[in-house]
Amino acid sequence: MAQVTATKSITISAAPEAVLAALSDYTRRAEILPPNYRDYRVVEGGQGSGTVAEWVLQATEKRSRNVRATVTVDGATITETDANSSMVTTYRAVAADSAGDATTATVTTTWQGAGGIGGFFEKTFAPKGLGRIYDELLTNLKVQVESNG
């Protein structure tokens with residue numbers, strides 16, 4: 001089994017603290033989620049570390065994953081660890097310039113992929129598909145944070 005990784009970034013015209021606050025507010029997370037996220041709900045908490053949220057990630061028409069993510073926040077990094085798989089997603093919000101009025105927001109997901117030929121195809125195509133989903137999520141985040149700034 002090989003590790004599979006998907007990463008996307010965007011620059012947002014806001015301070016890192018504002019971006020981090022938006023990302024760690026799971027009570028409002030549904031506002032930035034693309035349609036690929038279904039049945040989103042907060043199970044415990046809602047703000048930062050200790051939050052537990054669930055959703056169905058519809059990666060393709062035929063492939064979906066039930067996610068139960070437990071959240072930890074450490075500095076500029078939010079980590080969602082899925083109880084149902086090896087999937088771990090991190091969000092980072094770091095200053096994009098010396099003035100601190102722009103932020104690079106990055107989302108990275110890793111998981112242990114399948115072996116054999118199926119694993120080859122998963123490692124080749126899954127990051128691209130997830131990347132398209134994350135492009136939409138990060139664009140929605142950018143619009144939300146910049147319009148509230």
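The side chains of Glu-54 and Arg-41 form a salt bridge with an N to O distance of 2.8 Å, a salt bridge being defined as a side-chain nitrogen of Lys or Arg within 4 Å of a carboxyl oxygen of Asp or Glu. Because Glu-54 belongs to strand β3 (residues 52–58) and Arg-41 to strand β2, this pair ties together parts that are 13 residues apart in sequence; helices (H or I, at least four residues) and strands (E, at least two) are DSSP runs, numbered from the N terminus. Arg-41 and Glu-54 are also linked with Arg-68 in a network of salt bridges. Arg-41 is partly exposed at 46% relative accessibility, where buried denotes under 20% relative accessible area, exposed over 50%, and partly exposed the range in between (1.4 Å probe, protein chains only).

The model is predicted, so that local features need pLDDT of at least 70 and side-chain atom pairs count only at pLDDT 80 or more, whereas totals for chains, interfaces and linings use all residues. Residues are numbered from 1 along each chain as its sequence is written, and side-chain values use heavy atoms, with hydrogens and water left out.

Across the whole structure, the search finds 7 salt bridges. One of them joins Arg-29 and Glu-80 at 3.1 Å, N to O, and this pair links distant parts of the chain, with Arg-29 in the loop between α1 (16–23) and β2 (37–44) and Glu-80 in strand β5 (residues 77–82), 51 residues apart. Both Arg-29 and Glu-80 are buried.

A further salt bridge is formed by Arg-28 and Glu-31, whose closest N and O atoms are 2.8 Å apart. Arg-28 is partly exposed, with a relative accessible area of 36%, and Glu-31 is likewise partly exposed, at 48% relative accessibility.
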